[in-house]
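The entries follow the order in which I went through them.

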Amino acid sequence: MKTFCVFVTLLLSIAHLQAEPDLPFKQPVSVKYKLSDELKGAQLQKVVVDYDDVVHVLSNKGLLRIIDQQLVSDITYRPLAERRPLDICIQEETGYLYYLYPDKFLTNAHAGIPYGKLPDAQYNKIAVNHKGEVLLLGNKAMAIHANGVFTKLKSPANQVQEVHVHRGQFYLLTTHEILRLEGEKLKVLHKVKDANSIVFRKEEIVVGTDNGYYGISCLDGSHTFEVFNQVPVPHITKLATTNDGLWAASPQGAFMRQANGKFRYYASKRWLDKDEVLDLAADSQGNMYLMTEQGLNKVEFRLHTLADKADYFEEKIRQRHMRYGFIAELRLKEAGDITTAEMIDTDNDGLWSSFYLGSQAFRYATTAEAKARRNAWECFEAFERILSINQLTGFPSRTFERKGYKVSDLERWRESPDPEWEWKGHTSSDEFVAYIYIASIMDEFIAETEAEKKRVANFIDAILTHIIENDYYFVDIDGKPTLWGRWNPEYINWYPPSVVDRKLGSLHLIAGLQLAYDLSGKEIFKEEAFRMMEEHGYLENIKIPMEEIRSTPGYVYEGHNMGEGSWNHSDDEMAFLTYWVLHRHAFNDSLKQIYEEAIQNHWAIEQPERNAVWNLVTLGTEGSFDEASTLWFMRDYPMDLVRYTTRNSHRKDLNFLEPNFRNQLTAELLPAAERPIIRFNANPFKMDGGSDGRRELTGAEYLLPYWMARYYHIIEE
């Protein structure tokens, strides 16, 4: 009865959460346009977007446009195909494209009627207002063409960097001032220093400088706000606006300041072919084109639902990440080029695959889709093979591969009785966590017949029996315990409470013994669990508050200083997957309450990391939940999982914290799309990292929380 009451209480706490409708949201996606072969080496100079959202790029090899994801020479208008414009611009309000040549300006709009012949080849910049007035500028010349009349004007004293039109008036940014053309004379509106670009927002001009940006009034040039330089990169080279915010280009990528004051930063090869952005232009949907010297990149804001993303990652995994039932990381022979990808083994194939198997189990529990159940069994079959492929009894291999094709940790591979295969030893506690987690969810959500449940029970029975019979160690083919597969009381309790291995090892073993008893019914597992708790203090170890874990140097084991340094985030991953098993298979309600206190204590410390899986595991066990962070995690999870080298440590918009044990480097976690692509065993606050675009992850870390959230009705289909 008490167990039933606890279960009902948990259901009621979940029921109080209001399900979020899965509404479309804007997902930033990178699109890169390569130069066609004949344009290799071309230098790009300017990008504009016309009213049809056609993108036009000016280069030293002529005018370019996008065709089939490539930048190609614009030969659409045959009379202009062989001519190279000196400049192009978009007419104010109409959005029509204008061309400037040495001897003329013209447009193909208005049936090609607007046209002006230039008396001399002095002009290299053009701007056109909504009235059709054309301003022309050269190094030492300026003229206006209006109503068919060409009028030379006195040119500005200083070099012109940009020319703009706003509400019919022409503005010039020079090296020393912002000028406004009034009649036929230039009026100094505002003196500048180190200004590189301006952009207009209603009655305001935003000025981008070498050290941030500031605002002035269009009316009299007075300051509307002072210099703001707490931006990702203060050296601003170009500015643009969209309905979503203010955009800036810099030598180290581009960024957008959103309406809420927060920045989104787009840098590294995840977003750009090169980080130095020379120009930028938006289309009518708010997508931003970022031009570098030799490439055009688009940040496209696609409307997605969370379900759309789940479908995308599911297809991606099934198409290119399935390796013998495990999911596989991809190695790219050419950096960033998915067409050169090959599947490889890793140190933790089982652990990474447990996220995918978990996603399919929750998917099946939510939708009853036969395909999800099939996928789960396919993955489980790979877990079964890690036992059968080696010569040992109950010892799980880390992974396996056809002979001669292994990639990771070459010294840890062993010969299989099957001469066609090899298996990897040195199996660790993080793999053990995967075994107990997948066995628990397979039994609860996937195994439906007695034979299926027996199959799952046999898997975990064999592993726990091996551990018990080998004095609570994983014993490899050399007859020695593996370095990280150790749950013996002498080893576990050698650590002081301040070293997490004491708590974590106890947690793993008790969860595994509870599970093995629950699935197999064998009393030895229950007896050993209570013996470990009562005689060796494993329950007290589980109770150790996370606040007591700290750097504790001096505990050296086989050359590893186990207590030294900062927090190891793989321990969080191992703990939360284990919490699911520990709580789900508790022997009694008294233990369950103790476990809930431990889970809540750990979850509270983890909240700044905003991990959706940790949140949902806690919801499904102890009952606490951070809904906002869970939804934020899923909505911002990037579509591109190539591990490009990414840097954020130089950013000036971040509030960096003093060094601390948890290695929380900033007050607020950056969106995942701006951070290095990592798994859950790494520090999400890590500023810099990546694999130079030579690895791609799967997306299973998105699928698991998505289907858990669906299962718990946090989001509706």
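**Entry 1, salt bridges overall.** I took a salt bridge to be a side-chain nitrogen of Lys or Arg within 4 Å of a carboxyl oxygen of Asp or Glu, and by this rule I noted a count of 49 salt bridges. I keep in mind that this is a predicted model, in which local features need pLDDT of at least 70 and side-chain atom pairs count only at pLDDT 80 or more, while totals for chains, interfaces and linings use all residues. Residues are numbered from 1 along each chain as its sequence is written, and side-chain values use heavy atoms, with hydrogens and water left out.

I looked up the pair R167 and E203, whose side chains meet in a salt bridge at 2.0 Å, N to O. R167 sits in the loop between β15 (160-166) and β16 (169-174) and E203 in the loop between β19 (195-201) and β20 (204-209), so the pair ties together parts that are 36 residues apart in sequence. For burial I use relative accessible area, with buried under 20%, exposed over 50% and partly exposed in between (1.4 Å probe, protein chains only). On that scale R167 is partly exposed at 49%, and E203 is partly exposed at 38%.

I then turned to R398 and D347, whose side chains form a salt bridge at 3.6 Å, N to O. This pair links distant parts of the chain, 51 residues apart, with R398 in the loop between α4 (370-388) and β34 (399-402) and D347 in the loop between β33 (341-344) and α3 (349-367). R398 counts as buried at 2% relative accessibility, whereas D347 counts as partly exposed at 25%. I also noted that D347, R398, D409, E411, R412 and K424 are linked in a network of salt bridges.

The side chains of R486 and E558 meet in a salt bridge at 2.9 Å, N to O. R486 lies in strand β38 (residues 481-486) and E558 in the loop between β39 (556-557) and β40 (560-561), and the pair links these distant parts of the chain, 72 residues apart. Is R486 buried or exposed? I found R486 buried, with a relative accessible area of 7%, while E558 is exposed at 52%.

I checked helix α2 (residues 306-320) against helix α15 (residues 700-711), and their axes come within 9 Å and cross at roughly 135°. The contact (heavy atoms within 4.5 Å) is made by L306, A307, K309, A310, F313, E314 and I317 of α2 and A700, Y702, L703 and Y706 of α15.

H536 is in helix α9 (residues 523-536) and is partly exposed at 27% relative accessibility. Leaving aside neighbours within four places in sequence, I found H536 in contact with P489, N493, R531 and N541. H536 and L703 are 167 residues apart in sequence and 39 Å apart in space, C-alpha to C-alpha. E606 is in helix α12 (residues 589-606) and counts as buried at 2% relative accessibility. Not counting residues up to four places away in sequence, E606 touches D572, F576, W614 and R662.

Notes: Axes are lines fitted to C-alpha atoms, for helices over the stretch in contact, and angles run from 0 to 180 degrees between N-to-C directions. Helices (H or I, at least four residues) and strands (E, at least two) are DSSP runs, numbered from the N terminus.
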